[in-house]
Amino acid sequence: MKAPFSPYLDAIAPGLKKLVALLGEDYDYVSVLSTDSVGFVVSISQRAKHVDHSTMMTERGSVVRVRRGGLYSEFAFNRFDPACPEQTAAEARRVLNEQFALLEETKSEIYDTPALPDEPCELREEMETGELPENCDLGELVDSFSEMSARGVACGEHAVDCHVRGQSTHVCKMFLTAKRDMRQSYVYSEGVVAVIAAGEAGVKFGYESVSDRKGPEIFALLGEKVEKVAKSAEELLTAERIEPGEYEVIVSPEVSGLIAHEAFGHGVEMDMFVKNRALGAEYIGKRVGSDLVTMHEGAKPEIQVASYAFDDEGTLAHDTVEIRNGILQTGVCDALAALRLGVEPTGNGKRQNFEHKVYTRMTNTVFESGESTLEEMIATVKYGYLLKGMQSGMEDPKHWGIQCIIDRGYEIRDGKLTGKVVSPIVMTGYVPDLLGSISMLSRDHELFGSGGCGKGHKEWVKVSDGGPYMKAKARLG
Amino acid sequence: MENYILDLLRSSGADAWTVSDVRRRGWEFYFVRHALDQNRARDAEHITLTVYRQFSEGEQSFLGSASAEIAPSASPAEAEKLIAQLLDEAKLIRNPFYTLNEPRGEAVLTAQAPDLRAISGDFLRAMRSVEESADAFINSYEIFADCVERRFISSTGIDVTDVYPASMTEVVVNARRAGHEIELYRMYKSGSCDAAGLKANVEETLRFGRDKLRAQKTPALGKCDVVFSTDDALEIYSYFIDRMSTNMVFQRISDLEIGKRVCEDAGGDALTVRALRSLENSSHNGAYDEEGAPVRELTIIDKSVAKSYFGSRMFSQYLGLEDSFMPGNIAVDGGAASAAELRTGRYLEIVEFSDFQVDAMCGDIAGEIRLGYLHDGDTVTVVEGGSVSGTMRELAGSMRFSKEQRQYDNYLIPAVTRLQGVSITGAE
């Protein structure tokens with residue numbers, strides 16, 4: 001079925017178009033982004049249960065962007081009377097004029113930016129989905145999660161609890177200017193099963209997730225993962241600490257995604273080029289990885305939680321090849337950064353929600369697959385680790401340092417898994433060294449879209465990332 | 001918030017209900033160097049409804065709940081539909097019975113609505129006052145000044161409102177020499193603008209930046225004492241604080257028990273952690289927590305012994321606590337030695353990580369080193385790269401911290417913290 005567009009947004013659209021026209025009398029560019037996204041979260045464990053309707057992307061509100069004298073300004077609000085847009089226009093003018101007065105008083109210099117083009121565009125895209133979150137039978141879901149939670153505890157010798165959580169969101173966004181009327185709706189869902197185990201080593205947890213641009217029907221897949229998660233929690237209880245050093249590693253698709261995201265995802269967000277915060281600007285056309293490395297970024301090439309028709313500035317989704325055969329091709333760009341750099345925007349202008357500013361952000365970031373099987377890859381490792389499960393990562397676009405905290409490593413000696421498990425693992429290094437050492441890729445690839453991505457330490461948005469199994473050399477600690 | 005929402009809740013048949021109504025008005029300014037990239041204003045109200053249903057099965061009593069945010073633009077018909085939906089959903093949630101907070105009659109902190117123009121002006125001038133140089137300068141910064149109005153209403157008779165400022169500044173600095181340029185990132189949070197403190201903090205970061213230009217690769221040190229003197233130390237103290245929450249204790253994620261030590265005694269300083277009702281220029285100076293419980297002074301850990309859990313109403317009641325709350329401000333008392341005394345012998349003082357983390361569940365620590373000072377007698381070597389690892393389960397007992405304290409927004413913690421025998425993976 002199609003995810004229907006919000007009747008509320010359709011109803012206020014005429015009022016918002018009037019608002020754009022009213023502000024157009026004072027400003028030389030005006031746009032408005034309005035959102036009306038609904039969803040739910042169900043969380044079940046043996047000790048606590050929870051249901052609410054606030055997910056990472058549920059919201060209802062609007063933000064106007066205006067330009068005058070080379071300066072872009074925004075006003076975000078969530079009270080709007082479509083019968084009286086004059087009231088909102090007056091409030092936007094009032095508060096922004098107060099800010100302009102303060103900026104004059106403090107003699108603040110303005111970063112002069114050209115006016116955004118306003119090419120005509122009409123789009124209404126209601127994307128295919130399964131079940132809508134608002135139609136989901138939460139009673140059935142609570143029962144299903146309760147069964148999974150009980151099974152997770154039962155099948156782990158040291159398990160003290162099993163948390164099962166699912167959230168599903170029906171996103172509706174509308175972007176309007178004098179000449180553009182773009183409306184889109186889609187559904188994404190994500191779920192996780194986590195088993196908590198306690199032993200002499202303390203409390204550890206294992207987890208597996210599911211995510212897709214589909215409805216709550218994907219949560220059924222969590223049930224297949226319960227036993228595997230319980231086993232990984234038990235493994236962590238007896239895991240040893242790794243001897244720090246450089247190793248041959250094979251990273252799982254989840255860790256490949258983390259590397260893609262942290263290494264050249266953040267590193268080529270081009271609003272960082274504007275601030276001279278990214279080394280990538282100097283490496284376009286140069287080698288940054290081995291011949292095997294080709295990496296895509298965009299809302300278009302893959303269907304996952306961050307796949308949309310247009311971004312929060314009304315730019316259509318793209319498929320950007322950032323790295324081809326080890327050579328850095330280009331970055332991704334929001335509309336204002338594109339104007340400043342003299343390039344085309346790539347559909348990567350995203351806001352945390354209507355209250356937040358647009359930044360250049362990732363969508364789906366993925367390494368292309370190769371020709372090998374996992375078994376062939378393991379057979380080539382003299383001494384190293386198969387790395388699985390990600391905890392977190394951090395970018396360093398200025399110096400291309402990388403930090404990935406990984407759940408666990410399975411020791412490989414003489415081409416065979418020994419059964420020894422180490423945890424946790426801090427993988428650090430210099431990005432071109434890490435990508436330059438990639439020597440084998442598996443045939444399959446997988447994307448992961450649970451959780452969120454921040455810029456610095458804020459501005460959380462949905463992204464997905466992934467790739468195949470990859471063999472490389474890395475420093476582990 | 002429109003009164004019809006309360007009227008609908010009162011007549012809904014819910015066994016209990018609460019409303020959280022938070023309005024945030026914000027001014028924001030984004031700069032590239034000192035040129036204004038964009039200015040923004042926000043005015044958004046977030047109204048969250050929670051309805052409760054009490055029911056029994058056999059001899060077991062339950063209190064289920066369901067929550068949702070309702071847009072301030074919602075019509076009465078939308079509100080009525082949503083409340084009916086929440087009533088159905090609350091019956092699905094089989095949490096053991098507990099009661100909601102009741103009015104406790106404590107005094108209210110009075111607060112004036114903060115002046116966003118004045119606070120923003122203070123930030124703009126403070127950032128302009130930072131002493132920069134050709135080799136160390138501000139790359140970009142973002143200023144956020146908010147006025148928070150937080151009202152909490154419940155069917156049990158609570159109707160309280162807090163008004164307070166909450167601000168944040170994100171600053172990126174660069175240092176440059178002979179074509180080599182580095183950056184350091186900082187995020188400062190506070191109530192309103194502490195101009196002198198912000199200036200001092202940014203200038204300290206500029207000094208770190210100049211030092212990073214001459215950094216060598218961190219050697220493989222094996223085990224080494226590590227000194228923390230920035231807000232990364234918050235992660236260390238949060239390991240203890242988080243595990244004293246009723247949420248983690250009830251869910252068996254924390255094994256801390258009242259009356260027992262929170263770590264082994266291995267010669268470290270005695271740890272005392274207190275919840276504070278207010279802390280000067282904190283962005284968390286509300287008089288009530290998000291469930292309407294009054295915030296008060298409370299000793300959480302006393303001389304390394306767990307004294308009082310804290311947390312949300314449901315988990316606190318499950319542990320038998322009637323008057324608990326979620327604190328906004330936390331103080332960790334100073335230790336026995338001065339900062340200077342802790343900075344002796346061989347140690348690595350790390351002032352910049354990629355992202356230093358302490359896993360509150362298992363105590364594992366991890367972080368890539370972006371800038372550190374390796375002290376060995378009179379020799380100081382500036383280092384970068386490599387990482388730290390270990391577990392607080394082994395490191396906590398010998399942890400030492402300074403008499404002097406330093407405030408990071410709503411946390412007042414020892415200015416210097418020293419962990420003994422941390423594993424250091426070198427970058428060489």
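Q: In which sense do strand E5 of chain A and E2(B) pair?
A: The model is predicted: local features need pLDDT of at least 70, side-chain atom pairs count only at pLDDT 80 or more, and totals for chains, interfaces and linings use all residues. Residues are numbered from 1 along each chain as its sequence is written, with chains lettered from A and ligands numbered from 1 in the order in which they are written. Strands (E, at least two residues) and helices (H or I, at least four) are DSSP runs, numbered from the N terminus, and two strands pair if DSSP finds at least two bridges between them. E5 (residues 109-110) of chain A and E2(B) share 2 bridges, and their sense is parallel.

Q: Which residue in E2(B) is the bridge partner of A:Glu109?
A: E2 of chain B spans residues 35-57. The partner of A:Glu109 there is B:Ala35.

Q: How many residues of chain A are in contact with chain B?
A: Contact means C-beta atoms, placed from the backbone, within 7 Å. Chain B contributes 60 residues; chain A contributes 65.

Q: Which strands are the edge strands of the open sheet in chain A?
A: The sheet has 6 strands with mixed pairing, in the order E13-E12-E11-E16-E25-E22. Each edge strand pairs on one side only; they are E13 (327-328) and E22 (446-448).

Q: Which residue in E25(A) stands opposite A:Glu446?
A: E22(A) and E25 (residues 464-467) of chain A are antiparallel over 3 bridges. Opposite A:Glu446 stands A:Gly467.

Technical notes: Contact = placed C-beta atoms within 7 Å.
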